[in-house]
Number of protein chains: 2
Amino acid sequence: MAAQEAAIGDSEFYEARRAFQPTVPECLQNLKTLQFEGSEPSACVGNSAELNAIFENLFGQPNLEITRAPKEVEMRPLKVGVVLSGGPAAGGHNVICGLYDALMEIHTESSLIGFQRGPRGLFENNYMVLTGDYVDQYRNTGGFDMIGTGRDKIENEEQLQGSLNTVLEHDLDGLFIIGGDDSNTNACVVGEYFAQNNCRTCLIGIPKTIDGDLQNNEIEISFGFNTATRIYSEMVSNICRDSCSAVKAWHFIKLMGRDASHVTLETALQTQPNIALISEDVKNSRKMLSDIVDEIADCICRRSALNKNYGVVLVPEGLLQFIPSFSSLIEELNHFLALGSEHLEQAEAFDVMEDKIAYIRSLLDHTHGATFDLLPVEIQREMINERDPHGNVQVSRIPTELLLIRCVEKELKIRKASGKYNGKFSAHGHFFGYDGRCGYPTNFDCQYCYNLGRVGCLLALHGKSGYMARVYNLAESPENWSAGAVALTSMMNMEKRHGKMKPVIKKALVNVEDSSEFLYFQSVRDNWSDEDNYRYPGPIQFFGPASICNQPPKIIACRKLFNEQ
Amino acid sequence: MAAQEAAIGDSEFYEARRAFQPTVPECLQNLKTLQFEGSEPSACVGNSAELNAIFENLFGQPNLEITRAPKEVEMRPLKVGVVLSGGPAAGGHNVICGLYDALMEIHTESSLIGFQRGPRGLFENNYMVLTGDYVDQYRNTGGFDMIGTGRDKIENEEQLQGSLNTVLEHDLDGLFIIGGDDSNTNACVVGEYFAQNNCRTCLIGIPKTIDGDLQNNEIEISFGFNTATRIYSEMVSNICRDSCSAVKAWHFIKLMGRDASHVTLETALQTQPNIALISEDVKNSRKMLSDIVDEIADCICRRSALNKNYGVVLVPEGLLQFIPSFSSLIEELNHFLALGSEHLEQAEAFDVMEDKIAYIRSLLDHTHGATFDLLPVEIQREMINERDPHGNVQVSRIPTELLLIRCVEKELKIRKASGKYNGKFSAHGHFFGYDGRCGYPTNFDCQYCYNLGRVGCLLALHGKSGYMARVYNLAESPENWSAGAVALTSMMNMEKRHGKMKPVIKKALVNVEDSSEFLYFQSVRDNWSDEDNYRYPGPIQFFGPASICNQPPKIIACRKLFNEQ
């Protein structure tokens with residue numbers, strides 16, 4: 001069977017992908033002629049005094065541009081380490097490939113090591129040497145399996161000291177932390193610790209997260225967002241087409257993204273579904289759960305009148321927490337059900353679940369009671385039964401897409417009884433999340449990541465610590481992209497975490513007031529609700545014309561279009 | 001905003017796909033020089049006497065090959081109608097495009113009409129004329145939205161008479177029914193009715209279904225299967241990569257396919273997950289639910305010992321109905337809970353759900369009781385509460401992937417208590433189904449369907465009724481494919497449906513005794529369980545080398561490889 005296994009098990013596609021050579025923009029070619037420029041101290045998002053005190057060495061460093069140096073830089077072998085942190089995102093391998101190639105360009109005696117399974121690999125010095133042969137296997141592939149990832153933080157003294165020992169033992173010129181907002185905040189903490197201990201290793205952050213909530217004026221988008229949203233868009237558009245082909249079902253599709261709705265917005269722009277809820281918009285307009293249910297039911301009724309008993313609704317994973325009335329219901333429930341509360345004791349005394357629910361319902365005030373009554377019984381039951389170890393309702397475990405389906409069903413039943421609706425409502429729930437984090441990266445993410453790795457290497461060469469690699473002008477074709485670096489502290493402010501004020505890189509929410517992408521969405525979404533204006537972007541393509549294969553995210557294309565007006 | 005909408009809303013990809021020209025195999029070029037050949041009366045799967053009586057006119061027609069005619073056939077304008085039936089599958093539009101182009105090749109005055117929203121469109125004469133401009137919009141696109149589909153049958157006299165009236169009114173030469181096994185059986189019934197009423201319209205069946213259960217010696221695969229399984233394979237392999245990147249979760253992935261596990265088998269060959277359950281294999285080896293749970297738990301324990309607390313399990317949608325002990329449990333439950341039974345009355349008397357469940361549990365015999373005890377409480381509750389209008393347990397509504405997760409959790413808790421396992425088990429459930437039916441068809445499905453339409457057109461030209469279009473040798477490259485037609489009755493036997501014996505096209509299950517694809521899978525699956533041998537086939541590609549873009553299904557490639565030995 002060996003011959004068959006080889007024939008069936010191989011993947012020509014994988015070989016073809018490995019052979020893809022990412023474009024290096026003009027401004028990043030020939031590393032030995034490049035330098036960083038910038039002198040204006042950087043500001044921060046807020047709390048500069050506190051941040052200055054915490055980051056004595058790294059606070060306020062100037063943001064940097066890459067320019068051509070007046071004379072060639074002296075090249076020496078570099079030794080760099082790399083850590084993958086948090087949930088996987090497509091393109092991580094290419095950051096490492098770009099870094100590796102840049103290291104070799106700088107000096108063939110440079111070396112690269114990968115710390116395994118995330119930050120823990122760093123402070124426990126669990127590493128592997130990344131050779132050319134090994135790196136080659138992962139070119140342009142998805143996943144973080146090259147060295148693994150993990151969710152540990154480097155926070156306490158032991159972990160910080162462990163990390164310092166590791167980089168000293170390896171005598172590293174640079175250490176890459178590839179991660180999201182938290183991991184990059186953590187990178188800055190580690191970098192500051194190194195500086196305070198006179199360790200020369202430069203801490204370099206790389207902006208990763210499929211959620212897209214690590215973005216700002218300097219960082220146009222985090223890597224992995226484009227691939228994930230293209231994968232979701234393929235699936236969503238397939239379902240849109242199914243919906244208007246089979247003409248008999250509504251599909252409620254939840255998309256990953258707890259803290260922000262960038263993923264849902266991008267997927268909506270790609271696929272043009274009948275309804276796309278944006279959490280930030282819901283919060284901004286102070287909508288209640290009942291408002292959302294009504295709006296969906298209205299759309300279903302209008303479409304039913306057109307003989308269209310089908311449609312597609314996109315739901316961001318974090319929606320419930322953005323509904324003010326829902327959040328405060330949860331707060332009240334957490335109060336009544338707190339460990340040790342007398343109400344909890346009373347509730348637990350009921351043998352029958354229905355009685356327990358009724359008792360808790362009786363405690364709620366008028367508004368919260370109304371919100372609670374909207375919920376289907378199985379959700380009420382789960383909220384009350386399945387609380388976390390602190391006794392809190394686990395909002396993130398509520399299946400939001402099913403909750404909406406049940407609420408809409410209830411509402412339609414009422415409308416049917418009163419003769420306002422006589423359609424058929426049948427609905428399916430979907431969740432796309434894990435399936436979008438590890439696909440083969442789009443050409444966009446391949447090239448973006450490869451060049452982020454390249455910029456990071458240059459930061460290590462020039463001894464710049466506490467920076468995030470920056471590649472921008474991403475709406476242009478890759479040869480025209482620009483590059484530089486952003487001081488990590490410039491993206492920070494202080495926020496309360498677990499009851500304590502902490503420095504954090506500010507999370508980017510969808511700006512519903514004046515971002516081009518949201519304003520565009522707002523101006524066209526009504527055209528999608530009653531008419532079928534579904535858009536079918538197709539699966540990610542790698543071998544066709546650049547105009548098809550190299551597309552940047554729609555939200556970036558939107559910004560460019562609006563800026564050009 | 002109009003300019004932006006155009007710029008953002010357009011899809012260059014769609015335009016590029018529309019321009020794709022499917023390959024016509026050598027044997028199907030130049031229609032006017034082609035003829036059908038065949039004289040040997042065809043047999044059937046079983047019950048030939050009964051089938052002969054039902055299909056007086058159509059039974060036993062010879063299967064046909066397409067050959068070059070000694071002289072050119074006289075070409076005349078044809079008028080053909082087309083119906084899409086049942087769930088959508090990628091490639092349906094291309095059957096119609098292939099038919100349209102063939103009609104135009106035969107005579108530019110030919111015409112094509114589409115009956116809307118399935119068979120109902122036929123017997124209610126709800127149709128649209130399919131012009132070249134209209135057809136062009138749908139070339140190489142997914143979905144059935146060109147004319148819509150529906151699940152009506154043409155069964156009673158009124159429906160049959162309505163269909164006859166429609167084809168007589170339009171004076172059709174041919175009528176295409178594009179559907180699965182049931183729809184093609186129905187096509188034969190309609191064809192026989194037409195023949196009995198001296199109507200000249202030829203009934204032509206086209207083999208559609210993403211499940212792959214319409215296949216046999218003549219029909220290598222139904223269309224839509226390749227696209228659906230490639231879409232599922234992309235998602236499954238993304239999750240495999242996520243699993244070995246994040247190294248912290250097991251994923252239980254249910255795949256569409258209630259009656260057969262071809263989809264799961266193909267997806268397993270494409271992605272090489274740690275475990276792939278095949279329903280037919282489970283039934284054949286008379287496995288109990290507890291055996292399956294044990295096998296999964298064993299694999300989890302072995303992998304955990306290797307520090308791999310992650311993995312991927314594929315689950316065919318129809319699994320539970322193939323577990324003999326589970327099926328008989330359901331039968332017993334249906335017996336006790338039948339409408340009007342005294343047990344049901346007793347059960348309903350309990351106020352508390354837990355008591356009701358305990359009462360029903362007490363009725364079960366020893367073996368069924370043990371199976372019932374394996375199930376998580378929420379599934380027990382759902383089985384008993386949510387029965388269909390006849391009082392039967394709705395097996396198809398049980399979330400099989402979640403059921404397995406809960407059962408495995410229970411089993412691992414027991415093993416942990418006895419010190420046999422000390423890993424961490426965290427699991428996510430997924431279901432891929434609707435998302436695979438309406439994707440852009442693979443080149444394979446584009447070309448297969450286009451040529452099925454072409455063969456069908458030739459059947460209409462030559463007045464052949466009661467046939468299914470056949471394109472075969474699909475493991476070869478498309479220019480070398482062969483073509484012919486299969487008598488619909490040759491695929492039939494009699495089976496009990498709703499208590500009555502009916503003629504049906506025999507559903508193809510996975511042949512676990514001697515099919516190349518299953519034997520191959522069986523010989524290699526152990527290599528996938530403890531080692532990570534995931535395969536990442538990537539998203540469907542359209543613009544690359546033919547070896548990447550034109551791949552046939554793995555199950556077809558397997559058969560070819562084994563035949564060549």
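This is a predicted model: local features need pLDDT of at least 70, side-chain atom pairs count only at pLDDT 80 or more; totals for chains, interfaces and linings use all residues.

**A close look at the domains**

Modeller: Happy to! Beyond its neighbours within four places in sequence, Y448(B) is in contact with P207(B), I219(B), I221(B), S222(B), F223(B), V471(B), L474(B) and W481(B). Y448(B) and F223(B), together with Y448(A) and F223(A), touch the most other members of the largest nonpolar core, which has 263 residues.

Now to the part you asked about, in chain A. The domain assignment gives domain 1 as 28-224 + 441-505, and domain 2 as 225-433 + 515-560. Their C-alpha centres are 35 Å apart. Where they meet, 22 residues of domain 1 are in contact with 23 residues of domain 2. Together the two domains of chain A bury about 1,700 Å², and carbon and sulfur atoms give 58% of that area. On the domain 1 side, I210(A), D211(A) and N443(A) supply 30% of the area buried against domain 2, more than any other three residues.

Polar links cross this interface too: 11 residue pairs are in polar contact, and 1 salt bridge is found. E476(A) and K560(A) have side chains that meet in a salt bridge, at 3.7 Å from N to O.

Finally, the wider setting. Chain A superposes on chain B by a rotation of 180° with 0.0 Å of shift along the axis, with an RMSD of 0.0 Å. The two copies are therefore related as by a two-fold rotation axis. They meet through the same surface, because 100% of the interface residues of chain A are interface residues in chain B as well.

How values were computed
Residues are numbered from 1 along each chain as its sequence is written. Chains are lettered from A and ligands numbered from 1 in the order in which they are written. Side-chain values use heavy atoms; hydrogens and water are left out. Copies are superposed by least squares on the C-alpha atoms of residues with pLDDT of at least 70 in both. Contact means heavy atoms within 4.5 Å. A nonpolar core is a set of buried Ala, Val, Leu, Ile, Met, Phe, Trp, Tyr and Cys residues joined through side-chain atoms within 4.5 Å. Buried means under 20% relative accessible area, exposed over 50%, partly exposed in between (1.4 Å probe, protein chains only). Domain bounds come from an automatic or database domain assignment. Buried area is the accessible area (1.4 Å probe) that two parts lose on being put together, summed over both. A salt bridge is a side-chain nitrogen of Lys or Arg within 4 Å of a carboxyl oxygen of Asp or Glu. A polar contact is a pair of N or O atoms within 3.5 Å; within protein, one must be able to donate a hydrogen and the other to accept it, and residues adjacent in sequence count only if both atoms are side-chain atoms.
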